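Me: Please go through this structure with me, one question at a time.

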Amino acid sequence: IVIPAFNEENRISNTLLLFDHYLSQKTLSYELIVVDDGSSDATIVVVEKLTSTIPHLRILALSENKGKGAAVREGMLAAKGEIRLFSDADGATPIEELEKVIQPILDNQTDISIGSRYHENSDVQKKQPFYRVVWSRFANKIIQRLLLPGVVDPHCGFKAFTSDSANSLFQQSKINEWSFDLEILTLAKKMNFRITEIPVKWIHDERSKGRISQ
């Protein structure tokens with residue numbers, strides 16, 4: 001599991017402890033990779049302290065703030081797992097959703113399994129502000145028409161890839177900021193990787209960050 005982090009000193013500990021507690025009770029082997037995106041706070045210090053209690057945790061540090069896409073790319077290409085999932089540091093999609101997201105990959109039904117907040121069976125327990133919901137839905141309609149027909153939620157930060165698809169896609173990706181998801185999924189379509197959307201539980205965090213740049 002790859003977790004991109006930028007100035008997450010106040011949230012990252014809880015997320016990592018929850019993830020590790022859940023995963024340690026499962027039979028699958030796992031690793032947690034935090035990619036620090038040039039944080040100016042104590043994110044790296046906080047994560048380094050946890051490496052003594054979470055044996056499967058490691059941290060990669062970018063020398064400067066490059067954007068979420070760059071951090072995810074770094075982590076995905078450094079990961080060793082046969083399935084590689086990235087999750088937002090806020091844990092908006094609970095780790096308990098992991099198994100149903102990766103199951104289609106384990107069953108060889110898909111190459112990429114993405115969590116969806118907008119699927120009819122999704123469980124959105126705390127919504128984004130109204131203006132963000134309206135903008136997101138409007139933008140997604142355009143995206144579906146132009147780039148990703150059939151994908152209703154390309155931006156949810158809970159996506160799993162086979163190792164083959166992760167290596168192929170992230171080696172080619174160029175976008176460093178928020179729109180990296182669109183690039184990855186568009187490349188996946190062009191390369192004929194199978195994409196499946198899975199309804200997930202999602203809880204909006206008011207502290208979540210996002211920047212529209214490239």
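Predicted model: local features only at pLDDT ≥ 70, side-chain atom pairs only at ≥ 80, totals over all residues.

Me: How many bridges join strand S1 to S2, and in which sense do the two run?
Reply: S1 spans residues 2–5. One of the pairs is Ala5 with Asp36 of S2. The two strands run parallel, and the number of bridges joining them is 4.

Me: Which strand does the chain reach from S2 through helix H2, and what is the handedness of that crossover?
Reply: S2 also pairs with S3 (residues 57–61), in the parallel sense over 5 bridges. Leu32 has Leu57 as its bridge partner in S3. Between the two strands the chain passes through H2, residues 43–50. The strand reached is S3, and the β-α-β crossover is right-handed.

Me: Which helix makes a β-α-β unit with S1 and S2?
Reply: The unit formed with S1 and S2 is right-handed. Its helix covers residues 12–23 and is H1.

Me: Is Phe158 buried or exposed?
Reply: Phe158 lies in strand S7, residues 158–162. Its contacts, leaving out residues up to four places away in sequence, include Leu85, Phe86, Pro94, Leu98, Val101 and Ile114. The cut-off for buried is under 20% relative accessible area. Because its relative accessibility is 0%, Phe158 counts as buried.

Me: How far apart in space are Phe158 and Gly115, C-alpha to C-alpha?
Reply: Gly115 is among the residues that Phe158 touches. In sequence the two are 43 residues apart. In space, their C-alpha to C-alpha distance is 5.3 Å.

Me: Why does Ser163 count as buried?
Reply: Ser163 is placed in helix H6, residues 163–172. Beyond residues up to four places away in sequence, Ser163 touches Gly81, Glu82 and Arg84. Buried requires under 20% relative accessible area. Ser163 counts as buried because its relative accessibility is 19%.

Me: What is the volume of the second largest pocket, and which residues are closest to its centre?
Reply: The volume of this pocket is about 460 Å³. Its lining consists of 19 residues. Those closest to the centre are Ser29, Tyr30, Gly81, Glu82 and Ile83.

Me: Which element supplies the largest share of the lining of the second largest pocket?
Reply: Strand S4 (83–87) and helix H4 (98–106) each give at least two lining residues. By class, the lining has 11 nonpolar, 2 polar and 6 charged residues. The largest share is 4 residues, and the element supplying them is H4.

Me: How do the residues lining the largest cavity divide into nonpolar, polar and charged?
Reply: The lining includes Ser87, Thr93, Cys156 and Trp202. Asp88 and Asp90 are also among the lining residues. By class, the lining residues divide into 3 nonpolar, 4 polar and 2 charged.

Note on methods
Residues numbered from 1 in each chain as written. Heavy atoms only, no water. 1 Å grid on protein atoms, 1.4 Å probe; cavity = no way out; pocket = protein on both sides within 12 Å on 5 of 7 lines; lining within 4 Å. Points joined across faces, edges and corners; volume = space filled by probe spheres on them. Nonpolar A, V, L, I, M, F, W, Y, C, P; charged D, E, K, R; others polar. Pairing = 2+ DSSP bridges. Right-handed = clockwise from strand over helix to strand, strands pointing away. Buried < 20%, exposed > 50% of the residue type's maximum accessible area, 1.4 Å probe, protein only. Contact = heavy atoms within 4.5 Å.
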